[in-house]
Amino acid sequence: MTGPRTGPAYDPAALALRARAELRPEHYDFIAGGAGEETALRENEDAFARLALLPRVLRGGPGPGTRVGVLDREWPAPLFVSPTAFHRLAHPDGELATARAAAAAGAPLVTGMAATTAVADVVAAARTRDPEAVVWFQLYLQPEHEVTAELVRRAERAGCSALVVTVDSPVFGSRTRDLRNGFHDLPPGLAAENMRDLPGAAPGGTLDIAMWPAGWDDLRRLRDLTDLPLVLKGVLHPADARTAVEQGVDALLVSNHGGRQLDAAPAAVEALPAVAEAVAGRIPVLIDGGVRRGTDIALALALGAVAAGVGRPVLWALATAGEDGVRELLSALRADFAQVLALCGGHRPGDLTADQVVTRGFPRHRPEGERTW
């Protein structure tokens, strides 16, 4: 018996290779690369590979359902598209194709501040596939408060339902491949469109995205600007997680910026259990970084996340097959997760628990009730 095919075939390594053949070398390296020696980049995937899932058996009940609730919205699966920059480097339709595909696949989209398509157009594209599509806007707090305020107003007018505030970038990470390739500017005709016509910009011109050491006071000023939920992205330390909860943040996104900032940072999934323990269920915890398969999503949920985001594979799929490629990728990941959930004895995502996660290798005996993490 081979069993039914549950979804499109998906090989993340092969997809990246096909994308490499489609892209200019410096554009491929911009997307694929990380900071420093790219240790954090590799570890995001390798850390998942060091973990295994202990299935539960004879659980009975109905077949698995994958729906989850996040910030008062129900998602079809615990899967979302993480923010990544400059999608038009991968495909002429860029973020428009990504938005349409994500909406068609039922995956919420976090559109980036460094998108090559303005946020209003991204949301409009998503809504052509699903009028209720969930789109969040990723934001770097800017030193000029009026610039941040205008970006927030644009996200609100566009119909975004949350702000994802990236807080791990007081300076730019040292991107080894970009330095080697001399890749510092977008090709003619492309720009970070959300940065156009902002306060302080020349008419029709764009501002650079500033990386600077913002503080909790700046976050409070942002809170005063908007009623949109605030999701902090880039939290790895449990003490910061506790402070975020105290400051009234609505959700956390555990992330090491795809290995593109601090190369000495741990893999996101390694930081997840301590952050989830610090939050103690008071707000949702999400994760991105190294998510490539349904097993990765399941591991993340078992360790305390409510949903997992995928980044680079979306760009590989976009480069190789445009909108159709992204939709097929997301559908494959969703189907893969559903199968893993069933094989683990789960009926819903919340059934996955930390005692089902073990490290690979010959394990020592663990007394009943001992924590794995």
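Entry 1, terms and ground rules. I take helices (H or I, at least four residues) and strands (E, at least two) as DSSP runs, numbered from the N terminus. With that I placed Leu58 in the loop between strand 1 (51-53) and strand 2 (68-70). I am working on a predicted model, where local features need pLDDT of at least 70, side-chain atom pairs count only at pLDDT 80 or more, and totals for chains, interfaces and linings use all residues. Residues are numbered from 1 along each chain as its sequence is written, and side-chain values use heavy atoms, with hydrogens and water left out.

I looked up the secondary structure and found 12 helices and 12 strands in the protein chain. The radius of gyration is 20 Å, close to the 21 Å from the globule rule for 373 residues, so the chain is as compact as a globular protein of that length. That radius is taken over C-alpha atoms, and the rule is 2.2 Å times the number of residues to the power 0.38. The C-alpha atoms fill a box of roughly 65 × 45 × 45 Å along the principal axes.

I use buried for under 20% relative accessible area, exposed for over 50%, and partly exposed for what is in between (1.4 Å probe, protein chains only). Buried residues make up 54% of the 373 residues. Contact means heavy atoms within 4.5 Å. Of the contacts between residues at least 6 apart in sequence, 74% join residues at least 24 apart.

I went back to Leu58 and noted a positive phi of about 50 degrees, although Leu58 is not a glycine. Most residues other than glycine have a negative phi. Is Leu58 buried or exposed? Leu58 counts as exposed, at 86% relative accessibility. Gly60 also lies in the loop between strand 1 and strand 2, and counts as partly exposed at 44%. I checked Gly60 against Gly345: they are 285 residues apart in sequence, and their C-alpha atoms are 8.3 Å apart in space.

I found another positive phi at Leu71, near 50 degrees. Leu71 is in the loop between strand 2 and strand 3 (73-75). Its relative accessible area is 21%, so I list Leu71 as partly exposed.

A nonpolar core here is a set of buried Ala, Val, Leu, Ile, Met, Phe, Trp, Tyr and Cys residues joined through side-chain atoms within 4.5 Å. The largest one has 102 residues, and those with the most contacts inside it include Phe137, Leu252 and Trp316. Helix 12 (residues 312-343) gives the most to this core, with 13 residues. Another core lies apart from it, with 14 residues, among them Trp75, Trp136, Val164 and Val231. I then listed partners of Leu252, leaving aside neighbours within four places in sequence; among them are Val231, Leu232, Val275, Ile283 and Leu286.

Where does Ala155 sit? I found Ala155 in helix 6 (residues 145-158). Ala155 counts as buried because its relative accessibility is 0%. Beyond neighbours within four places in sequence, Ala155 is in contact with Val119, Phe137, Cys160 and Leu163. Phe137 is also one of the residues with the most contacts inside the largest core. Ala155 and Met113 are 42 residues apart in sequence and 9.9 Å apart in space, C-alpha to C-alpha.
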